[in-house]
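I opened a new page for this one and wrote down what I looked up, entry by entry. Here are my notes.

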Amino acid sequence: MTYLVTDACVKCKFMDCVEVCPVDCFYEGENFLVISPDDCIDCGVCEPECPVDAIKPDTQDEPDGKWLKINTDYARLWPNITVKGEPPADRADYEQETGKFEKHFSPRPG
Ligand code: SF4
Ligand code: F3S
């Protein structure tokens with residue numbers, strides 16, 4: 001099992017999750033973070049830290065494993081992040097929006 005970062009993180013990227021992870025398994029894109037499923041020890045500590053509830057156990061993934069694939073793929077491409085950075089200034093504009101991955105996701109590294 002692993003935890004996964006999901007749609008609510010896109011464009012919000014609070015980064016309250018990164019410093020609590022005991023195995024440093026968050027990776028940073030331009031407007032999204034992912035967890036490395038290969039390294040996550042399933043401790044669950046990060047889940048309540050996210051203000052927009054973007055972090056979910058893989059038991060709550062889409063039936064086709066959408067978020068497992070996204071987290072796995074981008075954890076291999078993006079840089080590791082262990083220290084909280086500055087969240088986007090306009091994050092409040094996106095907190096209520098859904099389907100953000102399809103509309104706003106950037107594959108560029110953070
Ligand atoms: Fe890190 Fe634990 Fe969250 Fe996995 S569940 S990403 S190990 S804090
Ligand atoms: Fe994203 Fe929530 Fe972390 S918005 S960066 S998963 S605290």
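This is a predicted model: local features need pLDDT of at least 70, side-chain atom pairs count only at pLDDT 80 or more; totals for chains, interfaces and linings use all residues.

**Entry 1: a threonine in a loop**

I started with Thr 6, which sits in the loop between β1 (3-5) and β2. Helices and strands here are DSSP runs (helices are H or I with at least four residues, strands are E with at least two), numbered from the N terminus. Thr 6 has 12% relative accessibility, so it counts as buried. My cut-offs: buried is under 20% relative accessible area, exposed is over 50%, and partly exposed is in between, with a 1.4 Å probe and protein chains only. I then listed what Thr 6 is in contact with, leaving aside neighbours within four places in sequence: Phe 32, Ala 54, Lys 56 and Trp 67. Contact means heavy atoms within 4.5 Å.

Residues are numbered from 1 along each chain as its sequence is written, chains are lettered from A and ligands numbered from 1 in the order in which they are written, and side-chain values use heavy atoms, with hydrogens and water left out.

**Entry 2: the whole chain**

How many helices and strands does the protein chain have? I got two helices and four strands, and from the N terminus on they run β-β-β-β-α-α. The radius of gyration is 12 Å, close to the 13 Å that the globule rule gives for 110 residues, so the chain is as compact as a globular protein of that length. That radius is taken over C-alpha atoms, and the rule is 2.2 Å times the number of residues to the power 0.38. The C-alpha trace spans about 30 × 30 × 25 Å along its principal axes. I also noted that 47% of the 110 residues count as buried. Of the contacts with a separation of 6 or more, 77% are between residues 24 or more positions apart.

**Entry 3: the aromatic rings**

I found eight aromatic pairs in the structure. Phe 32 and Phe 105 have ring centres 5.9 Å apart and planes at 85 degrees, so this pair is edge-to-face. The rule covers rings of Phe, Tyr and Trp (its six-membered ring): they pair if their centres lie within 6.5 Å, and planes under 30 degrees apart count as stacked, over 60 as edge-to-face and the rest as tilted. Phe 32 lies in the loop between β2 (26-28) and β3 (33-35) and Phe 105 in the segment after α2 (100-104), so the pair ties together parts 73 residues apart in sequence. Both Phe 32 and Phe 105 are buried.

Phe 105 pairs with Tyr 74 as well: the centres are 5.0 Å apart and the planes at 70 degrees, so I wrote down edge-to-face again. Tyr 74 is in helix α1 (residues 66-75), 31 residues from Phe 105. I put Phe 32, Trp 67, Tyr 74, Trp 78, Phe 101 and Phe 105 down as one aromatic cluster.

**Entry 4: the core**

Next came the largest nonpolar core, which has 34 residues. Such a core is a set of buried Ala, Val, Leu, Ile, Met, Phe, Trp, Tyr and Cys residues joined through side-chain atoms within 4.5 Å. Val 5, Phe 26, Phe 32, Leu 33, Ile 35 and Ile 55 have the most contacts inside this core. Which element gives the largest share of the core? I found α1, with four residues. The buried residues of α1 include Trp 67, Ile 70 and Tyr 74, and what covers the buried ones includes β1, β2, β3 and α2.

**Entry 5: Glu 28**

Buried or exposed, I asked about Glu 28? Glu 28 is in strand β2, and at 17% relative accessibility it counts as buried. Beyond its neighbours within four places in sequence, Glu 28 is in contact with residues including Lys 13, Trp 78 and Gly 110.

Most residues other than glycine have a negative phi. I found that phi of Asp 42 is near 65 degrees, and that Asp 53 has a positive phi of about 55 degrees. Asp 42 is in the loop between β3 and β4 (55-57), and Asp 53 is in the loop between β3 and β4.
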